[in-house]
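Subject: Model for you to look at

Hi,

Here is the model I promised to pass on. Could you open it alongside this note and tell me how you read it?

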Amino acid sequence: MKYLITMALSLLLSTVAMAQLEDAQSMPGYVDLGSLNAIYGEPRVMINIGGPLMELLRAAARNSNDPEAAALMQDLKGVRINIYNTGGNQAPALEQMGQARAALEAMQWQPFVQVQEEGEHVQMFTRVDGEKMQGMAIMVVNAEEAVFLNILGEIDPAQVGRVVDQLNVGVDVNGEDDQ
Amino acid sequence: MDKLFRQWTQDHRDQAWSLARYLLRDPTDAEDVVQEAFIRLWEQREAMSQSRVKPWLLRVTRNLCLDRLRRRRPEDPVQESHLAGDNCPAAGLQRGETLARLQGAVQALDEPFRSLVLLRDVQQHSYDEVAAMTELTLPQVKTYLHRARRKLREQLGDL
Amino acid sequence: MTEASDEDEEQWERDLRNALAKLPLEPAPRRLRHKLAAIPRRQRWHWLAGWRPAWAVILMAIPLTLLVVMQQQRLDQQEQALAQQAQQIDDARRELALALSYLDKANEITERKIAEALENGLARPVQDNTRYGLEKPLEITREYQL
């Protein structure tokens, strides 16, 4: 089964991302999942949204015609993602994932999804303060790509699809459009 | 054009001044009126010709004087100063008195008699010029002049 | 008698006119002469004074015009900034959607795997009592053992 997750978009690194990175580092939901640039080169996708830009998006969502989806975004503070092309060489990515997992556990992040199969590896951690989610760390490694995703703030994973719809952007992650 | 205007000023200022002094008596008022008349001449200089200047200028001067007289309220003080001629060096006492009587009699005439006497008999302008200056017809000028002289005779008796 | 009267009258008129003709013409005083001589010089600049209201309008119009131009420039800059911000938001929306779609995808993978494992008997459900502050509790357990 093919879990190719490919995108046709090429994204620019915005200068705002650097400032937002500094803001994000101070937040409890932030985690550095490491870098694989030395192994795989520059990430195919690199996204960093937080701070004022995230606030703008939340405000836009509030003004949208889907108040429920807007409410789902209200506690979302930021999103950071690196996606590498592994080109069949998963081992370095898996090693990185293992190191990240150890670090997350040491920082008392809670694992809530772990899928370890030959073709697919998924790790999902969350950091909770009392009953409030402060962040999520999601790592997905397969033969094609390695995904390292850090969500700051709170979002219901089950409702993510609705949020994506609210953002009203055509995003295809099922690999139907190859780059 | 400047030179021409200066020439016109030299040629006609005394007559304009004399006319204004007789009509208004007050020298300050007369000065203002003459200055205004020449300013208007300056403004009209491009359209002016040598033959038109004198009648035009004296007509404007007279009209300005009459405007001022109309605006003058009866109670306004008039700085009357004697007209020239009273101190004429060649005049004897009798001649001085005659001059004064004559000047006084002319000044006491109503308009347009006063202007007509001044322009025709004192300043010696032609009848046509006088008609242009007073905006009367030639027959009117002659008729009114005749009446003016009779009034003077009534006032003065024997000179 | 009448003729004599007429003659007398004519004579009188002639005498009067002679006397009037001899009335001295008062020359224009010096002050007036100076004023008249200055007319060409003064009147050349006089037209400017006549335009005083127009000058006032022009002088007021210049700063007003500058103000309007500056205001328009400010508005243009604001419009440009807004357009840039709108573009930034659009870009951010795409990026956020992309990032969240991976979370969604990870969810799908997980759910599929769990369903497969449960179907194959390779896994048993483990009660997951952890609450993460979500509005709805997770319906499918997130931990399984192979």
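First, the ground rules. This is a predicted model, in which local features need pLDDT of at least 70 and side-chain atom pairs count only at pLDDT 80 or more, while totals for chains, interfaces and linings use all residues. Residues are numbered from 1 along each chain as its sequence is written, chains are lettered from A and ligands numbered from 1 in the order in which they are written, and side-chain values use heavy atoms, with hydrogens and water left out.

**Chain C**

Chain C has 3 helices and 0 strands, so helices and strands here being DSSP runs (H or I, at least four residues, for helices; E, at least two, for strands) numbered from the N terminus, you will see the pattern α-α-α along the sequence. Of its 146 residues, 27% count as buried, where buried means under 20% relative accessible area, exposed over 50% and partly exposed in between (1.4 Å probe, protein chains only). Chain C exposes about 10300 Å², with carbon and sulfur atoms supplying 54% of that; the areas come from the Shrake-Rupley method with a 1.4 Å probe, and for residues only the protein chains shown count as cover.

For the complex, the predictor gives an ipTM of 0.80 and a pTM of 0.47. On pLDDT (the predictor's confidence in each residue, from 0 to 100), chain C averages 77, and 77% of its residues score at least 70. Within chain C, helix H1 (residues 2–21) has the lowest confidence, at a mean of 82, and helix H3 (residues 52–120) the highest, at 85. Watch residues 130–146 of chain C: pLDDT is below 50 there, although the stretch has 48 contacts in the model beyond near neighbours in sequence. A contact means heavy atoms within 4.5 Å.

Chain B has a mean pLDDT of 85, and 84% of its residues reach 70 or more. Where pLDDT is low, the predicted coordinates should not be read in detail.

**Where C meets B**

The contact takes 26 residues from chain C and 40 residues from chain B. Together the two chains bury about 3200 Å², 64% of it on carbon and sulfur atoms; buried area is the accessible area (1.4 Å probe) that two parts lose on being put together, summed over both. On the chain C side, C:Trp12, C:Leu23 and C:Glu26 supply 22% of the area buried against chain B, more than any other three residues.

The rule finds 5 salt bridges across this interface, a salt bridge being a side-chain nitrogen of Lys or Arg within 4 Å of a carboxyl oxygen of Asp or Glu. H1 and helix H2 (30–50) of chain C each supply at least two residues of the side that touches chain B. H2(C) gives the most to that side, with 10 residues.

**Salt bridges to look at**

Over all chains, the search finds 23 salt bridges. Side chains of opposite charge can pair when their charged atoms come close.

- B:Glu31 and C:Arg31 have their closest N and O atoms 2.8 Å apart. The pair crosses between chains, from helix H2 of chain B to helix H2 of chain C. B:Glu31 counts as buried at 5% relative accessibility, whereas C:Arg31 is exposed at 52%.
- B:Asp29 bridges to B:Arg72, with the closest N and O atoms 2.9 Å apart. This pair links distant parts of the chain, 43 residues apart: B:Asp29 is in helix H2 (residues 27–43) of chain B, and B:Arg72 is in the loop between helix H3 (50–71) and helix H4 (93–108). B:Asp29 counts as buried, at 18% relative accessibility.
- B:Arg70 pairs with B:Asp67 at 2.8 Å between the closest N and O atoms. Both lie in helix H3 of chain B, 3 residues apart, about one turn of the helix. B:Arg70 is exposed at 62% relative accessibility, and B:Asp67 is partly exposed at 31%.

B:Asp29 and B:Arg72 also belong to a salt-bridge network with B:Asp32 and B:Arg68.

Cheers
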